[in-house]
Amino acid sequence: MATETLDPDRVEKELADVTNAVTFDARPFMVEFAQGKIPRENLARFAASYCFQVDNFKRFVAQVYANAEPRDVRELMLENLWEEHGEGDDSRDHTALVAKFARALGATVDDIYDVEPIPESREWIDRILKVCRDEAFVVGLAAISFGIEFRTQTMALLGQIYRDAYGLSEDDLEFFFMHLEADEEHAGRAIELVRKYCTTEDLLERCKAGVVEVLEATKVVAEGMERVCS
């Protein structure tokens, strides 16, 4: 007997519900940060770790590409990876853009591709990479699209805080504002592919678990940022 596939609208809604159930902005540290009360030199302590995370995000995308047999998934991952690498322009590599922000904040970053992150940032990479490596491609795709790229408004909000409360220029904050458009496009296309390939109850539950793992890892990073910046 043929197995009935899931309603794509249900897949998207349930995964979005998982994402929207988690927020990080109510923590006392985040409230003080939003009010500009955390000294810039304290915030700079986390900046090198952010370079590490952004650079290693590429590995998540590459792993989903490696696991995916469908060509449309691989094409999107390749496009995403090419953009992350600056489309051939080293100065446009997303790691270089976040390093520009870090230096404007006051951090010393000698080699943007060879930094020692805080332990929580390394844990973030390891946990999400495990999902993308060991799970079905659609689970990894759901994890990075709903767990990271779906939250583009958060990136823009961070950029606004650094601009308005800490005096950084929009050029210094390009990394944050560029994601408002780029990640919305990527997330939208990725979500369409999740809708297409998440076809069973088992896959849906595994996709939810993947998104939860990303969000839990991100919570740990937020706690690590608070630890080093307080």
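1. Start with helix H7, residues 119-134, in this predicted model.

2. Now look at which parts of H7 are tucked away. Glu 120, Ser 121, Trp 124, Ile 125, Ile 128, Leu 129, Val 131 and Cys 132 are buried. Look down the axis of H7 and these buried residues fall within an arc of 165 degrees, so they line one face of the helix.

3. What covers the buried residues of H7? The cover includes helix H4 (47-67), helix H8 (137-147) and helix H11 (201-229).

4. H4 deserves a look of its own. From first C-alpha to last, its 21 residues reach 31 Å, close to the 30 Å expected at 1.5 Å a residue. Of those 21 residues, 15 are buried, so H4 is largely enclosed by the rest of the structure.

5. Next, pick out Thr 19, which sits in helix H1 (residues 8-20). Is Thr 19 buried or exposed? Thr 19 is buried: its relative accessible area is 1%, and the cut-off for buried is under 20%. Setting aside neighbours within four places in sequence, Thr 19 is in contact with Phe 146, Phe 150, Arg 151, Val 211 and Leu 215.

6. Last, a word on confidence. The protein's mean pLDDT is 92, with 94% of its residues at 70 or more. Among the elements, H7 has the highest mean pLDDT, 98, while helix H10 (residues 174-197) has the lowest, 82.

Technical notes. Residues numbered from 1 in each chain as written. Predicted model: local features only at pLDDT ≥ 70, side-chain atom pairs only at ≥ 80, totals over all residues. Heavy atoms only, no water. Helix = DSSP H or I, 4+ residues; strand = E, 2+ residues; numbered from the N terminus. Buried < 20%, exposed > 50% of the residue type's maximum accessible area, 1.4 Å probe, protein only. Contact = heavy atoms within 4.5 Å. Expected span 1.5 Å × (residues − 1). Arc of directions from axis to C-beta. pLDDT = per-residue confidence, 0-100.
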